[in-house]
Amino acid sequence: MKKVGIALLGLGTVGGGTYRILEKNHEMIKKSEGIDLEVRCVLEKNLDRCRELGVDESIVSTDIDRVVNDPEIKIVAEFFGGIEPARSFLIKCLLAGKSIVTANKEMFAKHWHELEEAARKGKAGLYFEASCVGGVPIIRTLTESMQGNNIQSIKGIINGTTNYILSKMSDTGADYAETLKEAQDLGYAEFNPSADVDGFDATYKLSILSSLAFRKKVPLDIIYREGISKVTAEDINYGKEFGLTLKLLGIAKQHEDGRIEARVHPVFIPNDEPLATVKGSFNAVHIVGDAVGDIMLYGRGAGDLPTGSAIVSDIVYAAGQKSHKLSCFKNNGLHIPNREFVRDFESEYYIRMTVKEEAGVLSDVTGVFGRSNVSLRSVIQKGDVDNNGNVTVIFETHVTTESSMEKALKKIAKLDCVLEVNSIIRIEK
Ligand code: HSE
């Protein structure tokens, strides 16, 4: 029986979940995979955590060299999160010929090229199924089940915290601040929730997923990013009247000329789109391939056992490889010609404005849209005139470019009859 030594760097939520799966399913994996996985070292300062999980204290250390210098350790799974010391430790392990398994999307999205270089030198493997969409097997779906496809698009709910907040706001009518506080109390959102609510986490994942899908590195700085902190319950409710649901989506598309667009932002989608039905902290991804058509994956994007499930799957997979396959992107993510990416992307828009209730106001505003080449689908005045003589008007546009919309909104903001452009939300159909 093939025996494979493993090291776990960190024993927090996902590290702990991984240890529990490895313990519980050790015999099953031995029988079904023919591999005896042995945890030979755990790097962890917090001994209480180790005791709670029943880890033999003789294998607990705080010294990465104990991992690097143990020839029996072939696979190193990292759970530190953040860039350092994860990056330096993993590079050291790769150069020593140890394959790495990680859920660390930020480090991976920012330092993929460097890790890959170390992996090539050390003839080791890089495994990162857990970095995107937790327990949902999206990476291997893209790399091992869709090779025959030219992938056209990926759209997904790839951050559970923001999906929890938006679903809750939609279900209860509660405002953003109140719902964020609740998400923090439940442990979904961190005390500093910026990585989730400002869209950084989703951007890291979209960079990794779209790079694999389109077979070229899609660097973070070409991905448009907008978070959910300006979302209001009022807009979510108006959206419902139009048959639309608000989600934070990661969207990446390959245009016919090969150029790529990638963006993360709140977006209205029709209620009957499968992604609109994904509620709470669940994640889902919709991929379109030119041969297979539509594929939907759904599941838990976070948590100890779901993410541990992806980590263990990578460990078993890495343990079974004779040589490790690395990416063969056309670019390395460091020098990207602008012409390969679409920044002026197209979508429909929902725009809410507060305007004076006077004759000619709507014609002034619609005139600016028209002259900016933005075609309107509908204009609806909502509610009664307020005490200051103002009303709310909602515009829905047809497909237009970002630059046309920007041009129109700059001019609209200067009109005396417009008190405020309250919300601008893209619609994806
Ligand atoms: N913070 C992430 C989320 C989970 O809310 O989906 C880890 O990627």
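User: Over which ring does the charged end of Arg300 sit, and how is such an arrangement read?

Analyst: A charge is taken to sit over a ring if NZ of Lys or CZ of Arg is within 6 Å of the ring centre and within 35 degrees of the ring normal. Here, the charged end of Arg300 is placed over the ring of Phe282, 4.1 Å from the centre of that ring. Arg225 likewise lies over the face of Phe200, with 3.8 Å to the ring centre. The model is predicted, with local features requiring pLDDT of at least 70 and side-chain atom pairs counting only at pLDDT 80 or more, while totals for chains, interfaces and linings use all residues. Residues are numbered from 1 along each chain as its sequence is written, and side-chain values use heavy atoms, leaving out hydrogens and water.

User: How many aromatic pairs are there?

Analyst: Rings of Phe, Tyr and Trp (its six-membered ring) pair if their centres lie within 6.5 Å; planes under 30 degrees apart are stacked, over 60 edge-to-face, and the rest tilted. The count under this rule is 12 aromatic pairs. One of them joins Phe108 to Trp112 in a tilted arrangement, 5.0 Å from centre to centre and with 45° between the planes. Both residues belong to helix 6 (residues 105–122), where they are four residues apart, about one turn of the helix. Helices (H or I, at least four residues) and strands (E, at least two) are DSSP runs, numbered from the N terminus. Phe108 and Trp112 are both buried; buried means under 20% relative accessible area, exposed over 50%, and partly exposed in between (1.4 Å probe, protein chains only). Ring pairs also link Phe108, Trp112, Phe128 and Phe329 into a cluster.

User: Which elements of the chain hold Tyr224 and Phe345?

Analyst: Tyr224 is in strand 8 (residues 224–225), and Phe345 is in the loop between helix 13 (304–319) and strand 13 (346–356); the pair links distant parts of the chain, 121 residues apart. Tyr224 and Phe345 form an edge-to-face pair, 5.8 Å centre to centre with 65° between the planes. Tyr224 counts as partly exposed because its relative accessibility is 29%, whereas Phe345, at 3%, counts as buried.

User: At what angle do helix 6 and helix 11 pack?

Analyst: Two packed helices are described by the angle between their axes and the distance between the axes. Axes are lines fitted to C-alpha atoms, for helices over the stretch in contact, and angles run from 0 to 180 degrees between N-to-C directions. Helix 6 and helix 11 (residues 200–214) pack at about 50°, with axes 9 Å apart. Helix 6 is therefore oblique to helix 11; under 35 degrees is roughly parallel, over 145 roughly antiparallel, 65 to 115 roughly perpendicular, and the rest oblique. Helix 6 passes helix 11 in a left-handed crossing, meaning that the near helix is turned anticlockwise from the far one by less than a right angle, and right-handed if clockwise. Residues of helix 6 that meet helix 11 include Phe108 and Trp112, and those of helix 11 include Tyr204 and Ile208.

User: Is the crossing of helix 1 over helix 13 left-handed or right-handed?

Analyst: Helix 1 passes helix 13 in a right-handed crossing. The axes of helix 1 (residues 13–24) and helix 13 come within 8 Å and cross at roughly 60°, so helix 1 is oblique to helix 13. Contact (heavy atoms within 4.5 Å) involves, among others, Gly17 and Ile21 of helix 1 and Gly308 and Ile311 of helix 13.
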